[in-house]
Amino acid sequence: MADIATEQQILDGLAEIIDDIVGIDKSEVTPEKNFIDDLDIDSLSMVEIAVAAQDQFGVEIPDDELRNLKTVKDVVNFVQNHEAAAKS
Amino acid sequence: MTGGLRIPDAAAGARVLAFGDYRPARIVTNDELAETVDTNDEWIRSRVGIAERRIAGDDEGIVELGAHAGGKALAGSGLAPSDIDLVILATCSAESPMPGYAPQVAHRLGIDAPGAFDINAACAGFCYALATASAAVRAGSARNVLVVGSEKMSQWLDWTDRSTCIIFADGAGAAVVAASDSPGIGPVVWGSAGDKYDKIIIPTRHSFIQQEGQAVFRWATTAIAPVAVEACERAGIRPEDLAAIVPHQANLRIIEAIARKMKAKDAVVADDIVQSGNTSGASIPLALSRMIERGDVPSGAPALLVGFGAGLSYAAQVIQIP
C-alpha cells in the first residue's frame, strides 16, 4: 500500500500550489481560511488549484464537488478521504 | 486497367504567404456592457481578460467581414485573385446554414470559380482550415488557397446573459497558402471530444450560445497544452525555439495557462483578446496579423497556432511567419 499523505503534508502541498497559481504566501493558507472571502480566490483559480492538486495527490476533484469546498480544510479533508479510498 | 489513375504531382511543402485581418469599427467597452447587464470592468478584466471588443454593424455579415480580411491577405500575398483556386471559410456563427459563405467571399474578391466550402470546427476552425489548405496544396488539389475565419458571434448572443455576452465578439482573419520548396506549415495535431458536445452549444435555431464556463476552463487549461507541445514535436521544433504562441483567444487566463505549461521562454504570447474579445474561428489570424504588423515576430520564425472550442474540437500546428 502506497504512503498516504498526512493532513499536514496535504496542507503544505496545497499552500505551495496556491502560492504558485495565485501568488498568495504560504503562511496565509491556514485550515480555517475561506477561499473566496479570506483569500480572494475566484472560481476559475479554484479549478486550476483543483487540477494541480489532482496532479500532486492523485485525487480528482470534479467541478460538482469543488463547489462545496469552501475552506482550505474542506479541500484537505476531501483529498485525505479520497486518497485513503484510492490507495487502500 | 493497370497502375491506377493519374494524380497530380505533389508539392514539397506549403506555406503562408500573408495574413489579413478585419475588425469592425464599433468598439464596445466593458463599461458599456455594464449599463445593460449586471457586470463591471474589473470583473470582466480579471476573469476573462477582455477590456473591449468589436461588434459588427447590421450591414456586416460573415461575407462582408470575411471579404475584408481575405482582401487584405490577398493584397499582402502579391497574388492576383485569379491565382486562387480554393477558398475555405471557417465559421460557426453564420446567419444561416445554407448556402455556404466561401463562394460569396470568393465572388466579392473577384476570385473566379474557385473550389469553395465552409467548415465548422468552431474556435478551432482556422487551424482546421489551414491544415486542409496545406494538405490540398501539397497533394496538388489546389495551387493557392485563401483561408478565412469569419465570425459574427454577436448575432448568436443573448445580450442579457452576462456569462456569454461579455466574452464573444465579431471579426475576421485570413491567410493565403501556397506551395513552397521548404515546408512552412507543420503537421496538424487535431482531435475532438464529442462526449462534451453540450459544454459550448447553441441548442436550437431560436436559442443563443450557452457555455459551461468552469468545465470548459478545466478542459482548456489541461487538455490543450499537450496538443500544442505535440504539434511542436511533429514539426521538429522545440517549444523553447518558438518565437510566438498564438492560442485561440478564448480567455486570457486560459491563454496564460497554456503558455506557462509549454515552457516556451522566448515566445511572444498572443493577447489580442484584450482588445478584440473572443472571436472564435477568427481569433488566431486576427491576433497573428496584429503581431506581425507590430513587428513582434520576425519573418521566417516559428509560431505555434492552437485552436480549441465547441465540438469539443481542437487543432494545432507550427507555421513559419510569412
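I begin with Ser43(A), where UniProt, in an unreviewed entry, places the feature "modified residue: O-(pantetheine 4'-phosphoryl)serine". What we have before us is a predicted model. In this model, Ser43(A) lies in helix α2 of chain A.

I turn next to the contact between the two chains. Seven residues of chain A and nine residues of chain B take part in it. Which element gives the most to the side of chain A that touches chain B? That element is helix α2, residues 43–57 of chain A, with five residues. Sorted by class, this side of chain A has three charged residues, three nonpolar residues and one polar residue.

Let me now consider chain B by itself. Chain B is divided into domain 1, residues 13–180, and domain 2, residues 189–320. Taken over C-alpha atoms, the centres of these two domains of chain B are separated by 15 Å. The contact between them takes 46 residues from domain 1 of chain B and 42 residues from domain 2 of chain B.

On the domain 1 side of that contact, the elements of chain B that give two or more residues are the strands β1 (13–22), β3 (52–55), β6 (144–152) and β7 (170–180), together with helix α5 (125–139). By class, the side of domain 1 of chain B that touches domain 2 of chain B has 25 nonpolar, 11 polar and 10 charged residues.

Conventions:
Residues numbered from 1 in each chain as written. Chains lettered and ligands numbered in written order. Predicted model: local features only at pLDDT ≥ 70, side-chain atom pairs only at ≥ 80, totals over all residues. Helix = DSSP H or I, 4+ residues; strand = E, 2+ residues; numbered from the N terminus. Nonpolar A, V, L, I, M, F, W, Y, C, P; charged D, E, K, R; others polar. Domains from an automatic or database assignment. UniProt positions renumbered as here; feature names shortened; annotations may be inferred.
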